[in-house]
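Have a look at the structure, then read on.

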Amino acid sequence: MWSSAVLAGLVVLATVGILRYHSLLKKVSYLPGLRCAFAPLSLAGAALPTSAWNPGLDWPWEWKWDVYKRYKSQTISCIPLIRGQPYIYTSSMEVAKQILNGRPDVFKAPDSNGALSELWGDNVVSSDYDMYKRHRRVVGPAFSRAGYVLVAEEVSKLYREMVESEGWLNTPEICIQSVNDYLSKFALGIISRCGFGLPFPWADTANDDRDMPFRRALALVSENSIIRLATPAWMYKLPIPKLHTVDKAFRSASTFMRSLISAKKAELGSQTEDVTRSGQDLLTRLVAASEAEGKNGLSDQELFGNVFIFMFAGHETTAHTLAATLALLSVHQDEQNKAVEIISKVLGDERQPTLEDVESGSLDKVLACFEEAARLFPPGSIATRDTTETITLAVPDEDGGGHLVIPPGVRLVVDFIGLHYNPSLFPNPGHYDPSRWYGARETDMSFFSIGPRACIGRKFAIVEALCFLSLFLRDWKVEPLLNKGETADQWKERCLQAGFAGLTFGVRDIPLKITRRTDA
Ligand code: HEM
């Protein structure tokens, strides 16, 4: 009796499963691809590591060499068998352009961007349609030429402080276990100074009177977003130290950012002059632009959401890419020498790089070293859009041509790792070859995404990266820090590893040896 009831139950479950699978297969236009337990960007999918039954967040990196080959298509599906909506991933530029061209029948779903809006409130990255237009109207003016001049100046100042405070000037050769830590601090310093008008001295020895220093709080916040999303409020009352630390970090970062906004509003409110002329940092310009919009401006919560985005989008991405650039140049001495030669020619031994140097294009071959690193390790490794209506996507001839017909509720993912390792776009894709980017325009830089929602901070990042690399490479020869008996190839195998680090994708800890070239 019981056994036949169990059997009947199993038959019903299997039938429901098969019917569900077939309906999902139809939704992805019968594209071949991954079949798994949870959707990759669902909480369960993202929290669990990449494995055969759970692709998770890191599969585009882990399986970059064979997944599209295996399914003989640049566009594949991913069907979650237990939970979640169906996905279509593409590594084809032709299909990516159709997804990211600003069409109204797809949108940025709030849960597709690391649930940024759930954690911090609506913001320019995670919103869409009218809400996006409102955010963008206020955020756009925050980026200005005067702001980029400030970035170039502050990079030179902070760089000098860094080498002095770290005592590098007195040491001909320095072994660094994780260059990422320095670059993360550097990029946080630049966004703090140029984004928020904060002092951010490199050697900050002052006692911080807050519960948790802001820098530490930010690092913890970026590492623990998934824990924060997955943990119900009552669990923070349990005696679990890790959760207490996470909670404290989120509260601390949040209090700090709110106080920044209130202080800026008060400062601008007390000025009689034109508020837009009172400061060139992103926050001043953001708050000023919002106030100028009157009742169409952003609420405090929305300002807060954008401040958080500036803080993270503005430092993690650049830091990850700079770490990858130095790692790759350390094992490509020929490329490093080429870059140093150009820097010496343009800047000589002493001159600091300026915005004019960046804009003149004279350092473009140095920038190409950064661009090629961003191709191989793109910090914004995916861009997602969900269909709201039935759409058609033209399939490239190489994949057989024709059209995909996709109903509402399907998640379309542009896989920038797949795209950047696609040999039809980048021949010999595993090879680090900065010359691919010689003569490239900003819109060619697919690692900043493509279409109308491409990165608004790209010039900020380019100015910061190019000025930093010019200063750093002029002073230091960069080599891999090898373990005893290790070869450069073994170092590459060990150290050129990547995955989600914080809210974005990037290289893991990079150990380097730096040697003084000149009297820095
Ligand atoms: C190497 C550095 C950077 C990379 C690779 C990068 C990459 C990206 C990518 C791929 C997107 C599109 C995301 C999507 O479509 O879902 C994006 C958007 C955005 N980025 Fe960046 N980013 C970088 C630096 C920055 C900086 C320095 C800032 C700010 C100071 C910034 C602010 C933003 C904002 C606000 C958006 C949303 C734009 C919109 O939707 O209109 N990014 N970024």
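In the side chain of Tyr132, an N or O atom is 2.6 Å from an oxygen atom of the ligand. Arg136 has a polar side-chain atom 2.7 Å from a ligand oxygen, and for Lys108 the side-chain N or O atom is 3.0 Å from an oxygen of the ligand. A polar contact here is a pair of N or O atoms within 3.5 Å.

Before going on: this is a predicted model, where local features need pLDDT of at least 70 and side-chain atom pairs need pLDDT 80 or more, while totals for chains, interfaces and linings use all residues. Numbering starts from 1 along each chain as its sequence is written, and side-chain values use heavy atoms, leaving out hydrogens and water.

## The shell around the ligand

The ligand has 27 residues around it (a heavy atom within 4 Å), and Lys108, Tyr132, Arg136, Arg453 and Cys455 come nearest. By class, that's 16 nonpolar, 7 polar and 4 charged. Helix H15 (316–330) is one of the elements that supply at least two residues each, and H15 gives the most, with 3.

Note on methods: A polar contact is a pair of N or O atoms within 3.5 Å; within protein, one must be able to donate a hydrogen and the other to accept it, and residues adjacent in sequence count only if both atoms are side-chain atoms. Helices (H or I, at least four residues) and strands (E, at least two) are DSSP runs, numbered from the N terminus. Ala, Val, Leu, Ile, Met, Phe, Trp, Tyr, Cys and Pro count as nonpolar, Asp, Glu, Lys and Arg as charged, and the others, Gly among them, as polar.
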